[in-house]
Amino acid sequence: MKGQAAAGIALPPLPDDLLRQEAHAPVVEGKPVIAILARERQALDRANARQGRTIRFYTDLTSRFGTRR
């Protein structure tokens with residue numbers, strides 16, 4: 001990694017959206033459980049979409065700059 005830093009490769013910043021954590025759906029007393037479950041599934045869908053964007057971002061970086069393992 002020291003060689004890459006010396007080579008002056010500047011990686012793009014990580015998109016702000018990819019740094020965000022998805023909160024659980026709030027549990028509201030008196031609301032039907034199915035409504036809470038539906039909101040929780042929507043939150044999970046958002047989190048999964050964000051993970052997909054993270055993977056695409058990383059894949060794009062590795063295709064442009066290569067990786068070493």
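F65 lies in helix α2, which spans residues 33–65. This is a predicted model, and its protein chain has 2 helices and 0 strands. Of the 69 residues of the chain, 12% count as buried. The salt bridges come to 6, and R50 in helix α2 takes part in one of them, with D17.

**Chain overview**

- The accessible surface of the protein chain is about 6000 Å², and carbon and sulfur atoms hold 59% of that area.
- Among contacts in the chain with a separation of 6 or more, 63% are between residues 24 or more positions apart.
- The other helix, α1, covers residues 2–7, and a loop lies between α1 and α2.

**Nonpolar surface patch**

- I9, L11 and F65 make a nonpolar surface patch of about 260 Å².
- F65 has a relative accessible area of 31% and is therefore partly exposed.
- Patch residues need over 30% relative accessible area, and the 31% of F65 can be read against that cut-off.

- R50 is a residue of helix α2.
- R50 counts as buried because its relative accessibility is 5%, where the cut-off for buried is under 20%.
- Leaving aside neighbours within four places in sequence, the contacts of R50 are D17, L18, R20, Q21 and E22.
- A polar atom of the R50 side chain lies 3.0 Å from the backbone oxygen of R20.
- R50 also forms a salt bridge with D17, in which the closest N and O atoms are 3.5 Å apart.
- D17 counts as partly exposed because its relative accessibility is 21%, whereas R50, at 5%, counts as buried.

**The E22–R46 salt bridge**

- Side chains of opposite charge can pair when their charged atoms come close.
- The side chains of E22 and R46 meet in a salt bridge with an N to O distance of 2.9 Å.
- This pair also links distant parts of the chain: E22 sits in the loop between α1 and α2, R46 sits in helix α2, and the two are 24 residues apart.
- E22 is partly exposed at 26% relative accessibility.
- R46 is partly exposed as well, at 42% relative accessibility.

- D60 and R64 form a salt bridge, and their closest N and O atoms are 3.0 Å apart.
- Both residues are in helix α2 and 4 residues apart, so about one helical turn separates them.
- D60 counts as partly exposed because its relative accessibility is 36%.
- Salt bridges that share partners join D17, R20, E22, R46, R50 and R53 into one network.

Notes
Residues are numbered from 1 along each chain as its sequence is written. This is a predicted model: local features need pLDDT of at least 70, side-chain atom pairs count only at pLDDT 80 or more; totals for chains, interfaces and linings use all residues. Side-chain values use heavy atoms; hydrogens and water are left out. Patches are made of residues with over 30% relative accessible area and no salt bridge: like charges are joined within 9 Å, nonpolar side chains (Val, Leu, Ile, Met, Phe, Trp, Tyr) within 5 Å. Accessible areas come from the Shrake-Rupley method with a 1.4 Å probe; for residues, only the protein chains shown count as cover. A salt bridge is a side-chain nitrogen of Lys or Arg within 4 Å of a carboxyl oxygen of Asp or Glu. Buried means under 20% relative accessible area, exposed over 50%, partly exposed in between (1.4 Å probe, protein chains only). Contact means heavy atoms within 4.5 Å. A polar contact is a pair of N or O atoms within 3.5 Å; within protein, one must be able to donate a hydrogen and the other to accept it, and residues adjacent in sequence count only if both atoms are side-chain atoms.
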